Amino acid sequence: MVLLLLLVQGCEQPPLAKRLQERGKLKVATVAGPLSCYLGEKGPAGLEYELVRRFAHELGLTPRFRVYPNRKAAMTAVQTGEEDMAAGFIIPRSTDEHHYYLSNALVQTLPSFAHSMGQSRFDPRTMQATPVVTPQDSYAQELLTHEQLTAYPLEGAAEESILALVNLGIFDYSLTSVVQLKAHANLLPRLVPGNTLEKPIGASWLFARFYDSSLRDRANHFLKHQEENGFLQHLRDKYIEKVPAYDYVTRRDFWKHVLDRLPKYKDLFKQAGKETGIDWRLLAAIGYQESHWNEKAKSPTGVRGIMMLTQDTARQQKISNRMDPKQSILGGARHLLWMEARVPDHIQGEDLLWFTLASYNIGYGHVEDARVLTQRQGGNPDKWEDVRRRLPLLSQRKYYSTLKHGHARGGEPVAYVENIRYYYRLLVYWDNAERGLDCTSETPQRRLALKN
């Protein structure tokens with residue numbers, strides 16, 4: 001195939017970028033991961049997924065992603081002409097520039113060792129003989145060889161899979177990058193950053209050299225513009241620098257309970273989701289925030305069960321036993337719908353969901369007070385980001401004394417919503433991975449807000 005492509009290349013042809021525009025499609029090789037491509041709570045996501053889609057749109061093309069098991073396979077698909085480019089958060093080796101056109105770096109970072117919590121840090125000065133696991137034929141293997149350290153390459157393994165194995169303690173050490181560790185901090189709670197190597201590395205897009213460089217050139221022009229207009233930094237913040245940071249104990253306990261508690265209630269959450277139309281993973285996230293999936297949970301204020309229902313809510317939803325997990329989960333789901341119905345109809349999308357969750361926690365009356373206060377102070381009462389900043393003011397007399405529903409611990413629903421958003425995001429990522437779904441999977445996405 002390569003020989004045939006070289007022969008065709010010898011004929012007079014328009015530049016590759018123009019030929020692709022005539023075809024109308026951009027074929028992209030990628031791998032699964034938070035920095036490349038995955039299926040999130042609102043559909044396909046990932047730093048490079050978003051960036052490539054914008055690049056294809058600028059070229060007037062429709063992107064077609066194909067997920068490969070590892071970066072080597074994705075790169076090979078480009079080299080054989082099956083794909084037009086590889087965009088899988090690939091950090092090239094020094095020899096790759098002889099076989100591919102490389103774009104400018106999307107992200108600059110440092111190589112970093114990683115180990116599981118409880119393991120000593122890898123010291124390059126004294127642990128030269130200690131094996132460090134890497135994907136075979138990767139930049140990490142090349143770096144270790146250059147530093148005269150012992151690489152233990154795994155054939156066919158993706159970097160993300162190796163990090164998961166280190167997180168479990170199956171392997172002691174791996175060489176990855178600072179940004180990969182940041183992106184995986186919530187997904188792999190026992191994975192610990194170690195020492196770094198002071199040799200900057202960057203992730204690039206790869207294009208086959210048997211074509212002309214026009215597609216790479218267009219990519220570099222595009223990346224330069226995205227750097228200048230701030231979109232590239234926005235993606236770095238979203239997927240790397242400003243990923244919600246929760247402490248180790250919170251992350252450890254959550255994933256522990258996903259394994260040892262959620263299986264007992266998963267079908268009940270699914271059943272309630274089927275009856276109410278709510279994504280079962282959202283219901284599970286609420287249940288975790290309320291009780292950590294403990295059917296016997298109760299508080300000094302009298303709320304009980306997995307969904308921590310009050311007696312009034314239980315009566316309203318015709319729940320006879322709040323400690324019965326099936327009744328509690330279904331009652332909580334119905335109560336969520338009831339709360340949603342109280343939010344004004346013109347509030348839609350994610351704002352509707354966040355207002356509904358805040359109301360589930362503190363009551364809609366107090367949420368409405370915060371909306372009134374937001375409007376008084378010149379904010380938008382229909383936007384959660386504006387209202388969330390005013391909710392904590394409901395605990396101050398100078399504010400609550402002027403509002404209909406009086407004093408409230410307004411900081412609690414703010415934390416409540418943020419925690420559920422966090423757990424929901426992790427549950428969706430975990431569930432899709434468990435089912436083998438990726439950013440190319442044809443799967444209906446449940447609505448975040450039920451009125452939409």
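How many salt bridges does a search of the whole structure find? I ran that search and it returned 31 salt bridges, a salt bridge being a side-chain nitrogen of Lys or Arg within 4 Å of a carboxyl oxygen of Asp or Glu.

Before going further I noted that this is a predicted model, in which local features need pLDDT of at least 70 and side-chain atom pairs count only at pLDDT 80 or more, while totals for chains, interfaces and linings use all residues. I also noted that residues are numbered from 1 along each chain as its sequence is written, and that side-chain values use heavy atoms, with hydrogens and water left out.

**Entry 1, salt bridges.** Side chains of opposite charge can pair when their charged atoms come close. I looked up K242 and found that it forms a salt bridge with D237, with 3.9 Å between the closest N and O atoms. For burial I used relative accessible area, where buried means under 20%, exposed over 50% and partly exposed in between (1.4 Å probe, protein chains only). K242 is exposed because its relative accessible area is 62%, whereas D237 counts as buried because its value is 18%.

I then turned to R388, whose side chain meets that of E385 in a salt bridge of 3.9 Å, N to O. Both residues lie in helix 17 (residues 384-388), three residues apart, which is about one turn of the helix; helices (H or I, at least four residues) and strands (E, at least two) are DSSP runs, numbered from the N terminus. R388 is partly exposed because its relative accessible area is 22%, and E385 is partly exposed as well, because its value is 38%.

R388 also forms a salt bridge with E418, where the closest N and O atoms are 4.0 Å apart. This pair links distant parts of the chain, since R388 is in helix 17 and E418 is in helix 19 (residues 411-434), 30 residues apart. E418 is partly exposed, because its relative accessible area is 26%. I also recorded one network, in which salt bridges that share partners join D279, R281, D431 and R435.

R281 counts as buried because its relative accessibility is 6%. Leaving aside residues up to four places away in sequence, I found that R281 touches Y424, L427, V428, D431, N432 and R435, contact meaning heavy atoms within 4.5 Å. The side chains of R281 and N432 are joined by a polar contact of 3.3 Å, that is, a pair of N or O atoms within 3.5 Å; within protein, one must be able to donate a hydrogen and the other to accept it, and residues adjacent in sequence count only if both atoms are side-chain atoms.

I located F210 in the loop between strand 13 (201-208) and helix 8 (214-228), and F210 counts as buried because its relative accessibility is 9%. In helix 8 the buried residues are S214, L215, R216, A219, N220, F222, L223 and Q226. What covers these residues includes helix 2 (16-23), strand 1 (25-30) and helix 9 (231-241). Finally, I noted that helix 8 is followed by G230, whose phi is positive, near 90°.
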